[in-house]
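Welcome! Let us take a friendly walk through this structure, one stop at a time.

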Amino acid sequence: MITLRDYQRRTIDQLYKWFADVHEGHPCIELPTGSGKSHIVAELCKEAIQQWPETRILMLTHVKELIEQNANKMRQHWPEAPLGIYSAGMNQRDIGEPITFAGIQSVRNKADQIGHVDLVLIDECHLVSHKQEGGYRKLIDNLTRINPALRVIGLTATPYRMGHGYITDPPALFSAIISPVSIEELIYKKHLAPLRSKLTDHALSVEGVHKRGGEYIESELQEAVDTEHNNVATVDEVIKLAGDRRSWLFFCAGVQHAHNVADALIERGITAATIVGTTPKAERERIVADFKAGKIKAITNANVLTTGFDHPDLDLIAMLRPTLSTGLYVQMAGRGMRPKSHTDHCLVLDFAGVVQTHGPITAVNPKKATGKGDGEAPVKVCESCKELNHISAKECAACGEPFPPPPPIKHRLHDDDIMGLDATEMDITDWQWRRHTSRASGKEMLRVTYYGALSDKPINEYLTICHDGYAGEKARISLVTIASSAGVPEISFFEGTLQDLAYKMNESTPPASISFRQDGKFHRILRREWA
């Protein structure tokens, strides 16, 4: 019998509450890598079938490894679960059970065969197109015609799409993001291991590499990155900084780059192997087994070991693949966050500048769509004749004066920058809650001021519980969590006013200490501790 962790139970409870409060739309549950999504899915399916026996559930994902993983967790939670698997890759085509675990490629055109479905769960749901296109959207549309009351629940560690922003930004299938637990909480409770980063001497350049669809063109990227000088420099530096770390994972810019980096490692006496998309299944399984057993120290890969790969004792990640995808960055970094048997962290060596591009993984900054191109083009001013020129101009179109070259981008990290957890600790003597109105937007919110010693500057935190979308949902979840720790058992967002909520919170117990960091002109509270 498997017992859910507190935050896993909290996830299901918050999902139930969302469905009770919101009578249309589809939620996405944001869960950090390593938080145990498959356990949550298993318990959710079990409770749904046991409480409403007529329920039919379809669990979708895009790779057979995740189908196997999710189905196995289902059987651990509920050995007699009425489940079937529909996956061409697994050579199983079972339809008719109350719970079906399926690969989207296998069932995208099978809506009529699947028939009535009440609940669709989608693992790695950031792969669902925000437009009315693609296999997921086609299947869901056809299933909705069969059952107009169909509800969809997405699960992902990265609720955003490259060039689009959050997956709830319209047009979108998902209407809300539920974030029941943070990376900081999971690390504090020892469910995840932190990442650490060190300054690297060598930095990979993407100068001259063009973009397509919001990402670097892979052929150009590999040509820029995969040089003998780069491979020798990065491998030598990894060996220098690795110390006694025993399991190294390299993310490379392409297939040939992965093979060349492995060759450089082997030339220096490091046992290494390569996994790419065309690696046969048996060989891939052998390499991964030898890696986990310590027979192979390093694996290089290209676009493969980002999801569905789980090796807790991984203790070094080398990022040799520049990317504009926030999701890919978080997936790569997340491979190193499982608790380990021999150390308390995983070292990340970012030769590709992805941390600087996307921010620490506790506060990533996904890029939104750039628009339709009908806005004003960015310009720069010639210092000689004051002519306005396009931002890309190398010399002034009017007088010919060359523009100075832009300063070089320095891909540099300090220890722990990747976690964004460099924080200030402050003992708290009191707090004060009040209703606050934003001068910029006019929207109302809650503000809490934390007071320390007389010499400490008070720290303000703003909870945008009245906002729509992701910001409002996240703020409401934070308030519930804070209130529970402070001794306020129930907080309702639909009764009373903000002033009433502030009054309740002012009567509660403040934390004994907080941990915070500067985030622009505001502060971000990383942790609150009650005595």
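The walk begins with helices and then turns to aromatic rings.

Please keep in mind that this is a predicted model. Two packed helices are described by the angle between their axes and the distance between the axes. Start with helix α1, residues 6-21, and helix α2, residues 37-51, whose axes come within 10 Å and cross at roughly 50 degrees. Angles from 65 to 115 degrees would count as roughly perpendicular and those under 35 as roughly parallel, so α1 and α2 are oblique to each other. The crossing of these two helices is right-handed. On the α1 side, the contact is made by Gln 8, Arg 9, Thr 11, Ile 12, Leu 15 and Tyr 16, and they meet His 39, Ile 40, Glu 43, Leu 44, Glu 47 and Gln 51 of α2. Sorted by class, this contact of α1 with α2 has five nonpolar, four polar and three charged residues.

Now follow α2 to its contact with helix α3, residues 64-77. The axes of α2 and α3 come within 8 Å and cross at roughly 55 degrees, which makes α2 oblique to α3. Here, too, the crossing is right-handed. From α2 come Ser 38, His 39, Ala 42, Glu 43, Cys 45 and Lys 46, while α3 brings Gln 69, Asn 70, Lys 73, Met 74, Gln 76 and His 77. The classes in the contact of α2 with α3 are three nonpolar, six polar and three charged residues.

Next come the aromatic rings. A pair of aromatic rings is described by the distance of the centres and the angle of the planes. The structure holds six aromatic pairs. In one of them, the ring centres of Trp 431 and Tyr 450 are 6.1 Å apart and the planes stand at 45 degrees, so the pair is tilted.

How do the two compare in burial, buried or partly exposed? Trp 431 counts as buried because its relative accessibility is 2%, whereas Trp 530, at 22%, counts as partly exposed. To finish, Trp 431, Trp 433, Tyr 450 and Trp 530 form one aromatic cluster.

Methods
Residues are numbered from 1 along each chain as its sequence is written. This is a predicted model: local features need pLDDT of at least 70, side-chain atom pairs count only at pLDDT 80 or more; totals for chains, interfaces and linings use all residues. Side-chain values use heavy atoms; hydrogens and water are left out. Axes are lines fitted to C-alpha atoms, for helices over the stretch in contact, and angles run from 0 to 180 degrees between N-to-C directions. Helices (H or I, at least four residues) and strands (E, at least two) are DSSP runs, numbered from the N terminus. Angles under 35 degrees count as roughly parallel, over 145 as roughly antiparallel, 65 to 115 as roughly perpendicular and the rest as oblique. A crossing is left-handed if the near helix is turned anticlockwise from the far one by less than a right angle, and right-handed if clockwise. Contact means heavy atoms within 4.5 Å. Ala, Val, Leu, Ile, Met, Phe, Trp, Tyr, Cys and Pro count as nonpolar, Asp, Glu, Lys and Arg as charged, and the others, Gly among them, as polar. Rings of Phe, Tyr and Trp (its six-membered ring) pair if their centres lie within 6.5 Å; planes under 30 degrees apart count as stacked, over 60 as edge-to-face and the rest as tilted. Buried means under 20% relative accessible area, exposed over 50%, partly exposed in between (1.4 Å probe, protein chains only).
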